[in-house]
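Subject: Structure for you to look at

Hello,

Here is the structure I said I would pass on. Please open it beside this email and follow along.

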2 protein chains.
Amino acid sequence: MDDRIREHAETLVDWSARVEAGDRVVVSVDEGAHDLARAVAAALGERGATPHFTYASGEVSRAYLRAASPESFDEPSHELALYEASDVVLHLGGGRNTAATADVPGEHRQARARASEAVREARFDTRWVSTVHPTRSLAQAADMAVEPYRAFVYDAILRDWAALAEEMAQLKDRLDAASTVRLVAPDTDTDLELSVEDRVAVNSAASVAYDSHNLPSGEVFTAPVVDSVEGTVTFDVPQRINGRRVRDVRLTFEDGVVVDHAAAQGADAIGEVLDTDAGARRLGELGIGMNRGIDRVTDNLLFDEKMAGTVHLALGRAYDACLPEGASGNESAAHVDLICDTTDNARLELDGEVVHRNGTFVWEDGFAAE
Amino acid sequence: MDDRIREHAETLVDWSARVEAGDRVVVSVDEGAHDLARAVAAALGERGATPHFTYASGEVSRAYLRAASPESFDEPSHELALYEASDVVLHLGGGRNTAATADVPGEHRQARARASEAVREARFDTRWVSTVHPTRSLAQAADMAVEPYRAFVYDAILRDWAALAEEMAQLKDRLDAASTVRLVAPDTDTDLELSVEDRVAVNSAASVAYDSHNLPSGEVFTAPVVDSVEGTVTFDVPQRINGRRVRDVRLTFEDGVVVDHAAAQGADAIGEVLDTDAGARRLGELGIGMNRGIDRVTDNLLFDEKMAGTVHLALGRAYDACLPEGASGNESAAHVDLICDTTDNARLELDGEVVHRNGTFVWEDGFAAE
């Protein structure tokens with residue numbers, strides 16, 4: 001077995017999920033993630049944890065979801081019992097076709113999602129972590145051959161996470177101390193201001209110990225004060241929303257609400273998101289990518305939004321971890337991340353002080369104050 | 001998709017497991033059974049059942065079982081919760097290597113089996129059915145190319161089960177009425193007599209409605225009165241016990257107990273079985289194969305023991321379904337089936353009347369009374 005697969009499994013089990021002897025673990029295995037599943041199984045065995053392996057195949061899901069009638073979806077009470085009795089959930093993504101479920105009718109998808117709400121909540125109550133095994137299908141989505149794609153994925157995942165957490169703490173501390181964030185990128189007509197007063201930033205260091213549930217991670221994120229968002233922003237990193245390509249989405253905010261939207265491609269897709277509910281027209285997240293192992297866009301949100309030199313904003317639901325005790329944040333059934341490239345003629349200001357310019361942070365060599 | 005896969009899935013779901021709307025179903029998917037899993041998912045969706053898919057990979061199990069220390073195996077309480085909340089369990093066998101777990105130490109296997117006892121019982125309390133998808137690995141074990149192997153498997157599985165159940169009822173009725181069974185095969189020095197007084201034969205027609213949990217099935221089986229077994233029998237169908245090949249196992253019984261054993265190959269393996277516990281030296285089952293879709297030995301017990309023209313006996317545990325109300329049968333941690341070919345110079349007598357000779361039953365054309 002490729003040593004990197006073993007290291008990936010150990011990072012997932014030890015750093016990310018903090019697995020201990022006696023833990024009941026659910027490992028969900030996508031069609032292409034078999035080799036990672038073997039390595040995770042060995043790591044769990046060594047640590048004295050007790051695993052249960054589920055088969056998370058897109059093709060199998062598609063067959064079930066298309067065949068069932070939307071009225072017939074029941075709560076999967078047996079699955080709920082499984083998750084309620086589990087301490088840790090590890091999702092090993094990596095399929096054989098990123099479009100495997102593309103023809104499942106939205107109505108079936110939504111009916112299933114409603115029936116599975118309690119299961120989803122029970123999963124979120126565990127020490128859950130999502131990661132991916134680098135399959136040919138994901139390499140293809142990234143426009144890359146499989147070997148360089150694997151190298152890319154392991155560069156993103158096999159990092160010195162403790163060191164990155166320390167570096168990210170510098171940004172978290174500045175964000176926690178700041179009142180106002182401003183993002184400026186003249187080439188894309190971006191100038192957006194928002195308040196983070198009383199908000200708590202998450203130092204997302206790929207570990208449940210940091211309230212972080214993705215491997216790779218490597219971002220610092222917070223929740224804007226909902227009504228405070230003013231200005232215009234263009235998201236120039238191409239991506240997909242519900243399977244549809246979007247490019248150069250442009251949003252204008254007044255008093256925290258989207259009052260105008262446009263896109264070079266996929267304007268319909270963004271329009272549908274905005275129409276989900278009232279919260280979907282407001283921002284739930286501001287995130288700043290800090291993972292330098294991710295040096296290119298690969299059409300995979302798990303990686304793209306963590307890329308150093310990007311900033312992302314999410315329409316919709318805010319994470320509780322960012323809110324002051326007792327406060328409630330933006331609520332919505334949607335949470336859609338949109339990404340800006342900030343490596344070229346772009347800056348991020350906290351209370352008027354530039355902390356990031358053209359891909360370099362204020363504490364790094366080569367940072368230009370002006 | 002091959003129509004036979006769809007038909008296999010529908011036979012499994014409708015005939016075998018009697019799935020109904022609202023059923024909570026666990027589908028356990030072996031590494032090579034993906035295509036059957038897709039078809040089963042569609043059939044379950046159409047019937048309004050709610051599935052949960054588990055990944056039953058030999059390679060993943062091996063990795064876990066080898067890495068864990070025997071003292072560290074805990075009851076998988078999350079898995080127990082899953083099965084306790086389930087109505088139906090469908091096991092879709094069919095791996096990529098029949099020897100995938102060959103190097104798991106017996107001590108680890110046994111420790112895991114002990115820790116999983118409650119899970120096993122909970123699974124047996126559901127409408128469970130085991131079947132297999134015809135993989136290249138199973139074709140290889142059968143010494144066959146994959147296409148003819150697939151044809152063989154579907155001949156065994158896609159039968160008119162209701163018609164076979166009716167045919168098998170003739171043997172069940174005769175066995176239920178009989179006191180003494182005698183198996184004679186002079187060429188292999190076989191002459192064994194046992195009592196089935198008060199025993200109830202199972203008409204194993206591949207459906208939970210018949211107390212039958214294998215697809216394919218097609219056998220009638222009962223439990224001998226334990227102390228009644230007398231004589232000698234040679235099992236001339238080659239097979240494997242715990243991964244080791246055995247050939248021409250020969251057992252001699254006195255007062256129901258094995259007093260002598262030998263084998264042309266694998267005498268050690270059979271010796272270990274006999275030493276498991278006191279019940280392992282006694283018979284728990286007499287089964288008579290009646291599936292004419294199975295016309296050759298393929299080194300797979302699920303098929304071999306159902307082959308028309310064979311009789312099998314199992315050392316160890318008896319099935320409760322064969323015992324009179326309140327009676328207890330032979331108890332043992334072992335249940336090891338051993339198979340005799342009865343197509344050539346062999347006969348089966350019930351109370352002195354020949355009911356099967358050289359592969360033909362008394363009610364069939366070509367049966368020779370003498």
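This is a predicted model: local features need pLDDT of at least 70, side-chain atom pairs count only at pLDDT 80 or more; totals for chains, interfaces and linings use all residues.

**How the two chains are related**

Chain A can be superposed on chain B by a rotation of 179 degrees, with 0.0 Å of shift along the axis and an RMSD of 0.1 Å. That is how a two-fold axis relates two copies.

**Where they meet**

In the contact between the chains, 41 residues of chain A touch 41 residues of chain B. Of the interface residues of chain A, 100% are interface residues in chain B too, so the two copies use the same surface to meet.

The size of an interface is often stated as the accessible area that is lost when the parts come together. Here chain A and chain B bury about 3400 Å² between them, and 62% of that is on carbon and sulfur atoms. On the side of chain A, the residues that lose the most area to chain B are H34(A), Y55(A) and H78(A), which together account for 21% of what that side buries.

**Polar contacts and salt bridges**

The rule finds 21 residue pairs in polar contact across the interface, counting pairs with both residues at pLDDT 80 or more. It also finds three salt bridges between chain A and chain B. One of the salt bridges joins R38(B) to E59(A), with the closest N and O atoms 4.0 Å apart.

Which elements of chain A supply at least two residues each to the side that touches chain B? They are strand 1 (24–29), helix 2 (34–46), strand 2 (50–55), helix 3 (58–67) and helix 4 (77–84). Helix 2 of chain A gives the most, with seven residues.

**Cysteines**

How many disulfides does the structure hold over all chains? The count is zero. Take C322(A) as an example: the closest cysteine sulfur, in C340(A), is 18 Å from its own sulfur, which is too far for a bond because a disulfide needs the two sulfur atoms within 2.5 Å. In chain B, the sulfur of C322(B) is likewise 18 Å from the closest cysteine sulfur, in C340(B), and that is too far for a bond. C322(A) counts as buried, at 1% relative accessibility. C322(B) is buried as well, with a relative accessible area of 1%.

Regards

Conventions. Residues are numbered from 1 along each chain as its sequence is written. Chains are lettered from A and ligands numbered from 1 in the order in which they are written. Side-chain values use heavy atoms; hydrogens and water are left out. Buried means under 20% relative accessible area, exposed over 50%, partly exposed in between (1.4 Å probe, protein chains only). Copies are superposed by least squares on the C-alpha atoms of residues with pLDDT of at least 70 in both. Contact means heavy atoms within 4.5 Å. Buried area is the accessible area (1.4 Å probe) that two parts lose on being put together, summed over both. A salt bridge is a side-chain nitrogen of Lys or Arg within 4 Å of a carboxyl oxygen of Asp or Glu. A polar contact is a pair of N or O atoms within 3.5 Å; within protein, one must be able to donate a hydrogen and the other to accept it, and residues adjacent in sequence count only if both atoms are side-chain atoms. Helices (H or I, at least four residues) and strands (E, at least two) are DSSP runs, numbered from the N terminus.
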